[in-house]
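Hello,

Here is the structure for your files. My notes on it follow below.

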Amino acid sequence: MAKIDQRTVASLLREYAQRTSLRGDNPYRTKAYLRAADSLTALSQPLDRIIAAGALTKIPGIGDAIADIVTKLHETGMHPSLEKLREEVPAGVMELFAVPGLRPDKILKLHQALGVKSLAELEAAAKEDRIRPVRGLGAALQTKILQNLAIARSGETRLHLDKAAALLEHAVKLVKQEHPEFSRVEIAGDFRRGCELVSDFALVAQGKTVTGMEDTTLRIVVTDRKHFGASLLEATGSADHLEQLKSFAADKGFALGADGLHRRRKLIASATEEEIYAGLGLQFIEPELREGGDEIERAAKHKLPALVRDEDLHGILHSHTTASDGTETLEAMAEATRKRGFEYFGVADHSQSAHYAGGLTPPEIAEQHREVDRLNKSYGGTFRILKGIEADILADGSLDYPDDVLEQFDFVVASVHSRFKLPKKEQTERIIEAIGNPRTTIIGHLTGRQLLRRPGYDLDIDKVLKACAKHGVAVEINAHPWRLDLDWRWHQKALDQGCIFSINPDAHSIRELDHMHWGVEMARKGGVPAKRVLNAMRLTALLAHLARRRQTP
């Protein structure tokens, strides 16, 4: 029997994980199987070679136990435990795992109570209103299913940026180990373009020969030094950008191919991307902008902005602590921020209506502010904690505290955490009302979307952006890899309206402070320059800005 390729093994391992979750097994074990399945989608060499070398446990997320399962799946296409699990639930039920927000216990309930065993049957049950009356399921789940079926049918394996980063960085490390003759290895594909979800796992390596390595789930282009820039450009994409670039080149009397830029059959630029763009008389187009919009037209006029960079940011705003639903104390979060080289840390725990997240009551706010004052005194002016709050926007558009409480904060992040299903007009008016509150500094995760989990709520984004520009309220670019909200496709509209942004990690732990990088990637993809980012201000300038906001009548 032919051995199974890694893509199929990953699929089987994912099925194994899902079936164990239906049994109610240890959820951490299920997550471990799923992490290992993700790792198998970005291998740098064929799975059989990795197994033969005894190197399975070097892959992120694969220990001895999972390595044994992977080996059996690879060799036989089956595992005894998976065979037993398949006897319990029909294969079609596994389709339901693709529906965002549908937990294993609900999937099992849908199968047992309603006989649902496919996405088609699930959709029929929801449209026929058969889910709503079932105890343990209900109307809310039925509505969520109808909304998220489109995501379930996308059929494409895509990973959030942070997961893709971990896999690609590991792949680069392995490729360098396996091929010491490669003097350079760069990540390409949609990850290099800063896409919010990654499906094209691609590397470009510099060696002595030009070839492609297509026998793994990771696409590796091997090129020489002379053609490295052309290969990197081609492997980065997007297809639309490359098509437009080739058309632009042809109009100028050039020919652009995978091996570089030619004129009258003579190669004139290929070693670097910069040389290729310059050869066409274009301003260099950063990878994040290469999506086939108007970037070439703007580059021809040398009107592309200098995009914001990680090092342009001087502080972190919108983070949580143990005072609400964070995992670290205020002091620990502030100290971690200071050690990362920032000048200020803005604490923004949840407000009182967020009972599920331990929202702060007025006495708890006073206690936190005393702690802030104590810590700021200890920093001696070298670092500053700013007093903030993530205030819920209530159904009528008011914020979660009266003005006398809101006045105690340096800044206020106003966010929606309830009533997601309001009609478009009401939801829009609700948020615009909150933006008009002079205490609002930042509007948080504007659409409420969670990538691969739920769509944003119905909203007239254009009207909301106009209101933000009118009232001087910053639009958050929420850097959490599951949010990345506001979507980069709206950034240019916001810039044109006159909006400013705030790149925030929405961190609930020290590790999540580093999500800032993904927010910067989204801002770059949206064409945002540093001068339009609130926390690209130095501390003195930011304090002056916040003081002016508090004085606004």
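Buried here means under 20% relative accessible area, with exposed over 50% and partly exposed in between (1.4 Å probe, protein chains only). The model is predicted: local features need pLDDT of at least 70 and side-chain atom pairs pLDDT 80 or more, while totals for chains, interfaces and linings use all residues. Residues are numbered from 1 along each chain as its sequence is written, and side-chain values use heavy atoms, without hydrogens and water.

Aromatic pairs

By the criterion used, rings of Phe, Tyr and Trp (its six-membered ring) pair if their centres lie within 6.5 Å; planes under 30 degrees apart are stacked, over 60 edge-to-face, the rest tilted. The structure holds six such pairs. One of them is Tyr16 with Tyr33: the centres are 5.1 Å apart and the planes stand at 85°, so this pair is edge-to-face. Tyr16 belongs to helix H1 (residues 6-22) and Tyr33 to helix H2 (residues 27-40), 17 residues apart; helices are DSSP runs (H or I, at least four residues), numbered from the N terminus. Both tyrosines, Tyr16 and Tyr33, are buried.

Phe191 and Trp518 have ring centres 6.1 Å apart and planes at 75°, so they too are edge-to-face. This pair links helix H10 (residues 189-192), which holds Phe191, to helix H21 (residues 516-525), which holds Trp518, across 327 residues. Phe191 and Trp518 are buried.

Charges over rings

A charge counts as over a ring if NZ of Lys or CZ of Arg is within 6 Å of the ring centre and within 35 degrees of the ring normal. Arg263 sits over Phe254, 4.5 Å from the ring centre, and Arg453 over Trp482, at 4.3 Å.

Regards

Technical notes: Helix = DSSP H or I, 4+ residues; strand = E, 2+ residues; numbered from the N terminus.
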